[in-house]
Amino acid sequence: MHQPSRFSVLSSPEHLSPTPSPSPRFTLSSTPSISTALATHKPANRPNIYDRSLNKTRTAEISASAFAFLFSETVQYTQKRVSGINDLERRLNTLGYRVGVRVLELMVWRAESPSKTPKREIRLLPALMSIHTQVWRAVFGRPADAIEKSVENEDEYMIIDNDPLFERHISVPRDFSTLSCSSFTAGIVEAVLDGLGFPARVTSHNTPTQQYPSRTTILIKLEQSVLEREQALK
């Protein structure tokens, strides 16, 4: 009689069933179940992340390689579920918006919780400077490189980053040459502006130079209601 190979024996459904096999080599009764192994394992006594002080993590740093890997996987995951560049940038913007809501909440709590008279900025220029400096430092560890006002449209402002972190470790294929992964950053800025009471549409645009090939401009287009309020406060 032909002796079956070892691989065919292991893959046979007869030896994968709970019924004891004639050969003790493949019996499952002596093997502990997964649930038993998990039940006997005692987790390490680690502090709960929710018990940590938010102020103690203010200057904490994370691994740049881990951050780059996570964002790269996010872009690849999103790319497989879109129909074009515009759709991909829109989804990255949406993901960034969710992060921006939490960034603003954390920054306001850290800045105003010790104060007995918390306040909120109601003027546009100080709010934009806060995003240029404080938000950029909280997210990227440094301020943005410049902030400019459009000379053609009074409702447009631009925040310029010469070396954006989100573009640093992303290799964009030729057919996606117009893609700006900093749409994620644009979503963060849009969420912060909305939370501060300055609704706007924020987009990201590649503006490379010879010195800064990854230079990115975050374009802020304010709603008309913001301009009317600024005029009334003058």
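Two strands count as paired if DSSP finds at least two bridges between them. The model shown in these views is predicted.

**View 1. Strand S2 beside strand S4.** Strand S2, residues 156-161, pairs with S4 in the antiparallel sense. Six bridges connect S2 and S4. Within this region, Glu156 lies opposite Lys221 of S4.

**View 2. Strand S3 beside strand S4.** Strand S3 spans residues 200-206 and runs antiparallel to S4, with seven bridges joining the two. His205 faces Thr217 in S4 as its opposite residue.

**View 3. Burial of strand S4.** S4 covers residues 216-222. Of its seven residues, six are buried, so the strand is mostly covered, buried here being under 20% relative accessible area.

**View 4. Crossing of helices H5 and H8.** Helix H5 (residues 85-112) and helix H8 (residues 183-196) have axes that come within 6 Å and cross at roughly 45°. H5 and H8 are therefore oblique to each other. The crossing of H5 past H8 is right-handed.

**View 5. Residues in the contact of H5 with H8.** On the H5 side, the contact includes Glu89, Leu92, Leu95, Tyr97, Val99, Val101 and Leu104, along with Gly96 and Gly100. H8 contributes residues including Phe184, Ala186, Ile188, Glu190, Ala191, Val192, Asp194 and Leu196. By class, the residues of this contact between H5 and H8 comprise 12 nonpolar, six polar and three charged.

Key
Residues numbered from 1 in each chain as written. Predicted model: local features only at pLDDT ≥ 70, side-chain atom pairs only at ≥ 80, totals over all residues. Heavy atoms only, no water. Buried < 20%, exposed > 50% of the residue type's maximum accessible area, 1.4 Å probe, protein only. Helix = DSSP H or I, 4+ residues; strand = E, 2+ residues; numbered from the N terminus. Axes fitted to C-alpha atoms, helices over the stretch in contact; angles between N-to-C directions. Parallel < 35°, antiparallel > 145°, perpendicular 65-115°, else oblique. Left-handed = near helix turned anticlockwise from the far one by under 90°. Contact = heavy atoms within 4.5 Å. Nonpolar A, V, L, I, M, F, W, Y, C, P; charged D, E, K, R; others polar.
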